[in-house]
Amino acid sequence: MPDVSLRSLSKSYPGARGAKHHALHDVEFTVPDGEFAAILGPSGCGKSTTLRIVAGLERTDTGSISIGGRDVTAVPSSERGLAMVFQNYALFPHLSVAENIVFGLKVRHLSKDERNTRLAEAAKQLRLEPYLDRRPGQLSGGQRQRVALGRALVSGAQLILMDEPLSNLDARLRAEMRTEIRELQQRLGLTVLYVTHDQVEAMTMADRVIVMRDGGVDQIASPEELYARPASAPVARFIGSPPMNLVEAARDGLDLVLGDGTRLDATELFAGHAAELPSELLVGIRPEDVLVGRAPADRTLGPALSIPAVPGRQELLGADRLVTYLVGGERVHVRVKASDPLPVVDTLRVPMHQVHLFDRATQHRIEPAPRETLAAIA
Ligand code: ADP
């Protein structure tokens with residue numbers, strides 16, 4: 001039962017001129033048994049350090065790590081019951097695929113029969129049977145990565161840690177391997193902790209995404225929750241392609257005032273919030289939530305925020321078209337169907353329930369009040 005639990009991890013490295021560089025502070029999360037968890041964040045935010053501490057390749061300064069309910073903080077890596085898959089595959093070039101896969105088992109003195117049984121099983125799972133006699137140099141990038149996965153599988157570990165395993169592959173192969181790794185994890189019931197800076201990988205593969213920033217955890221949520229309710233402006237900026245538009249605005253009575261002085265009637269938007277809103281806001285709008293080209297009289301969509309906008313550049317993305325508008329002096333991306341007529345409008349409309357608000361000072365999400373609260377106030 002290899003659930004993984006991290007409590008209050010922090011880690012510093014010696015920094016410039018004797019100062020400490022805080023790589024991690026108060027990192028806490030739990031990955032339940034059999035789940036696929038992705039640690040997502042920009043380069044340098046502490047993802048690999050966290051993974052290496054779980055692996056036992058690095059010591060934490062404070063806090064604890066437990067795997068399957070056992071405190072492993074002081075347990076050597078080889079006794080933590082986990083396997084690691086690295087970005088660079090870490091294969092021996094002079095050994096065959098088969099020898100690479102069972103190398104660790106040989107070191108652990110497992111019998112030849114046992115090694116062969118495990119090898120056959122992993123080769124079947126990973127469709128590597130035709131390549132067992134080849135050297136890594138004679139394989140494609142995807143096949144090499146599968147060999148690295150094979151080595152993790154034969155180890156018998158139920159917890160697998162992966163550090164950017166797909167970064168060296170081209171886009172098409174990456175997409176294939178995403179599906180393959182996810183299927184394998186589900187079929188074998190593995191617990192996976194997977195480090196990536198690619199939000200698409202995290203969103204498509206994981207049950208749970210742990211978003212990190214500046215050495216701390218920003219949000220832990222399912223991909224659906226992360227998309228629908230990013231807990232902060234930085235998370236909102238990180239998820240989606242293109243990500244959420246965030247427009248600076250000030251609250252003035254029942255109006256939102258944009259950077260260039262444009263006033264929007266926000267009566268209905270503010271009515272959804274029971275508590276007093278801060279005066280400095282970020283208005284979050286997903287490119288796919290904007291309605292263009294619909295008559296303002298269309299009431300079936302419920303109340304919407306109307307935003308004056310100047311259309312600009314267009315970009316064809318295949319099925320969709322990305323149109324850039326100027327809103328309050330800021331660029332706002334809008335995603336429309338490529339087959340729809342070109343949206344030449346001067347007003348964008350966003351259904352109220354799809355408008356996200358963030359406090360500009362704290363960058364935190366401001367949740368609308370639950371309906372019951374609003375009903376009680378009314
Ligand atoms: P990520 O994996 O998110 O790119 P890392 O965990 O590798 O980030 O690094 C987090 C921070 O810690 C970075 O600022 C990095 O420069 C620093 N760091 C990582 N490893 C070391 C080390 N061995 N010595 C000094 N600083 C390090």
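Trainee: In which order do the 3 strands of the open sheet stand, and how do they pair?

Mentor: In general, strands of a sheet pair through backbone hydrogen bonds, either parallel or antiparallel. Here the 3 strands form an open sheet in the order β16-β17-β18, with antiparallel pairing. Strands (E, at least two residues) are DSSP runs, as are helices (H or I, at least four residues), and both are numbered from the N terminus. Two strands pair if DSSP finds at least two bridges between them. This is a predicted model: local features need pLDDT of at least 70, side-chain atom pairs count only at pLDDT 80 or more, and totals for chains, interfaces and linings use all residues. Residues are numbered from 1 along each chain as its sequence is written, and side-chain values use heavy atoms, leaving out hydrogens and water.

Trainee: Over how many bridges do β17 and β18 pair?

Mentor: Strand β17 (residues 320-327) pairs with β18 over 8 bridges, in the antiparallel sense. Within this pairing, Tyr325 has Val332 of β18 as its bridge partner.

Trainee: Which residue has a positive phi of about 45° although it is not a glycine?

Mentor: That residue is Ser8, which lies in strand β1 (residues 4-14). Ser8 is partly exposed, with a relative accessible area of 29%; buried means under 20%, exposed over 50%, and partly exposed in between (1.4 Å probe, protein chains only). Asp26 in strand β2 (residues 20-31) also is not a glycine and has a positive phi, of about 55°. Asp26 counts as exposed, at 52% relative accessibility.

Trainee: Where is a cis peptide bond found?

Mentor: A cis peptide bond joins Ser241 and Pro242, with omega about -5°. Pro242 lies in the loop between α8 (233-238) and β11 (245-252).
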